[in-house]
Amino acid sequence: IKMKISNEANKLRHIIEKAMDDHKITKSEYDKIIHQALDDGNIDRQELVLLREFQEMIANKTIKLVPDK
């Protein structure tokens, strides 16, 4: 069964994909991702999966957390 991705999860996915393309993320970009996830006051299953995968990419250094410029 294919689930339709929520608008909030879709916005979050786009922000995370940009970080993946760059292979790095600044603190302010990280904060933007967290803010987007919490924006509607609810983290749905799709957003939770995206956030877990994102955190895993930071943990295994696929995406580097870098200082703001």
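## Helices and confidence

Helices are DSSP runs of at least four residues, numbered from the N terminus. Helix H1 holds both glutamate 17 and arginine 13, four residues apart, about one turn of the helix.

This is a predicted model. The protein chain has a mean pLDDT of 86, and 96% of its residues reach 70 or more. Among its elements, helix H1 (residues 7-22) has the lowest mean pLDDT, 85. Strand E2 (residues 64-66) has the highest, 93.

## Salt bridges

The count comes to five salt bridges. One of them joins glutamate 17 to arginine 13, with the closest N and O atoms 2.9 Å apart. Glutamate 17 counts as partly exposed because its relative accessibility is 31%, between the 20% and 50% cut-offs. Arginine 13, at 27%, is also partly exposed.

Glutamate 29 and lysine 18 meet in a salt bridge at 3.6 Å, N to O. This pair links distant parts of the chain: glutamate 29 is in helix H2, lysine 18 in helix H1. Aspartate 31 and lysine 27 also form a salt bridge, at 2.7 Å. They sit four residues apart in helix H2, so about one helical turn separates them. Elsewhere, salt bridges that share partners join Lys18, Asp22 and Glu29 into one network.

## A buried charge

Glutamate 47 lies in helix H3 (residues 45-59). Glutamate 47 is buried yet has no salt bridge. The nearest side chain of opposite charge, lysine 11, is 8.7 Å away. Its contacts beyond four places in sequence include Glu8, Leu12 and Gln36.

## An aromatic pair

There is one aromatic pair. Tyrosine 30 and phenylalanine 54 are stacked, 6.0 Å centre to centre, with 25° between the planes. Tyrosine 30 is in helix H2 and phenylalanine 54 in helix H3, 24 residues apart. Both are buried.

Note on methods
Residues numbered from 1 in each chain as written. Predicted model: local features only at pLDDT ≥ 70, side-chain atom pairs only at ≥ 80, totals over all residues. Heavy atoms only, no water. pLDDT = per-residue confidence, 0-100. Helix = DSSP H or I, 4+ residues; strand = E, 2+ residues; numbered from the N terminus. Buried < 20%, exposed > 50% of the residue type's maximum accessible area, 1.4 Å probe, protein only. Lys, Arg positive; Asp, Glu negative; His and termini not counted. Salt bridge = Lys/Arg side-chain N within 4 Å of Asp/Glu carboxyl O. Contact = heavy atoms within 4.5 Å. Phe/Tyr/Trp six-rings, centres within 6.5 Å; stacked < 30°, edge-to-face > 60°.
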